[in-house]
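Morning, everyone. I have one structure to walk through, so please bring it up on your screens.

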Amino acid sequence: MTERLVTIPNILSGLRLSSVPVLLVLARQGYADAFLLLLIFALLTDVADGYLARRLRQESEFGARLDSWGDFSIYLSTPLCAWWLWPEIVRREAPFVIAVLAAFLLPILIGFAKYRRLTSYHTWGAKLSAVLMSIGTVLLFAGGPPWLFRFSTIVLVLTQIEEIAITIVSPEWRSNVPTIRHALRRTREERAKGNGNSGEKAED
C-alpha cells in the first residue's frame, strides 16, 4: 500500500524544515525578535506533527524520517544562529552548549554507521527532552534564567544515551521506538520468530 505523502503532520514537518534557511538569514542579519518568533513556531510544529500523526492515524515511515530531518536541521542550525545573535550567552553557557551538540550528534553518527540513515526513534524521553529544551532555549535567548536550559541539557544527555542503546540492541533500522524496553522486547520477538522459522525449515 502506497504511503500518503501529503498529510497534515508531514506539512508541519516540511514547514519546520523549510524554516531553517529563513532562521539563518534572520540571525545573520541580526533580527533577534523575528528569529525567536519563527523559532517558537518551528518548535511548536515539532510538538504538533507527532500528536496529529497519532490523532489522525497518519503515522508513516516517510513522516518519521521527515520529522527527524526537520529536528536535525533545527537543532544543528540553532547554535550557529545563537552565536550570531547572542555570543555572550553562548560563551557563558559553553559547557552546556557543547554537551547539547555532543549528545545530539553522537547518536546520529552511531545510527548512520550502523544503518546508513538517520535514526527516527522518537522515544518518550526524547519527546520530553524536546519540550524542556525548547522552552529552556527560548527563555535563555529571551533573557530569562538559564537553569531550565541547563536542566534540560542533562535530560537530553540521558535520553540520547537511551537512543544509543536502542541502536546497539536493534539489528535493523526502526522508527518510533518509545523506550529501550520496547526495543529489547521487539528484538527478542524477532529472534524467536527467526528461530521458529529455522526450525520449520529444518523439519521440512
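From the N terminus on, the elements run α-α-α-α-α-α-α-α. That is eight helices and zero strands. Helices (H or I, at least four residues) and strands (E, at least two) are DSSP runs, numbered from the N terminus.

Ground rules next. This is a predicted model, where local features need pLDDT of at least 70, side-chain atom pairs count only at pLDDT 80 or more, and totals for chains, interfaces and linings use all residues. Residues are numbered from 1 along each chain as its sequence is written, and side-chain values use heavy atoms, with hydrogens and water left out.

Now the overall numbers. Along the principal axes, the C-alpha atoms fill a box of roughly 70 × 35 × 25 Å. The chain has 204 residues, and 45% of them count as buried. Buried means under 20% relative accessible area, exposed over 50%, partly exposed in between (1.4 Å probe, protein chains only). Accessible surface comes to about 11600 Å². Carbon and sulfur atoms hold 66% of that. The areas are Shrake-Rupley values with a 1.4 Å probe; for residues, only the protein chains shown count as cover.

Contacts, meaning heavy atoms within 4.5 Å. Take those with a separation of 6 or more: residues 24 or more positions apart account for 74% of them.

On to the inside. Which residues have the most contacts inside the largest nonpolar core? They are Leu23, Phe35, Leu39, Ile74, Trp86, Phe141 and Phe149, in a core of 26 residues. Such a core is a set of buried Ala, Val, Leu, Ile, Met, Phe, Trp, Tyr and Cys residues joined through side-chain atoms within 4.5 Å. Helices 1 through 7 each supply at least two residues of this core. Helix 2 gives the largest share, six residues.

Zoom in on Leu23. Beyond its neighbours within four places in sequence, Leu23 touches Phe35, Leu38, Leu39, Ile74 and Cys81. There is also a second, separate core of six residues, including Tyr121, Trp173, Val177 and Ala183.

Last stop: Ile180, in helix 8 (residues 180-203). Is Ile180 buried, exposed or partly exposed? Ile180 counts as partly exposed, because its relative accessibility is 23%. Setting aside neighbours within four places in sequence, Ile180 is in contact with Glu162, Ala165, Ile166 and Val169. Arg4 is 176 residues away along the chain, and the C-alpha atoms of Ile180 and Arg4 are separated by 29 Å.
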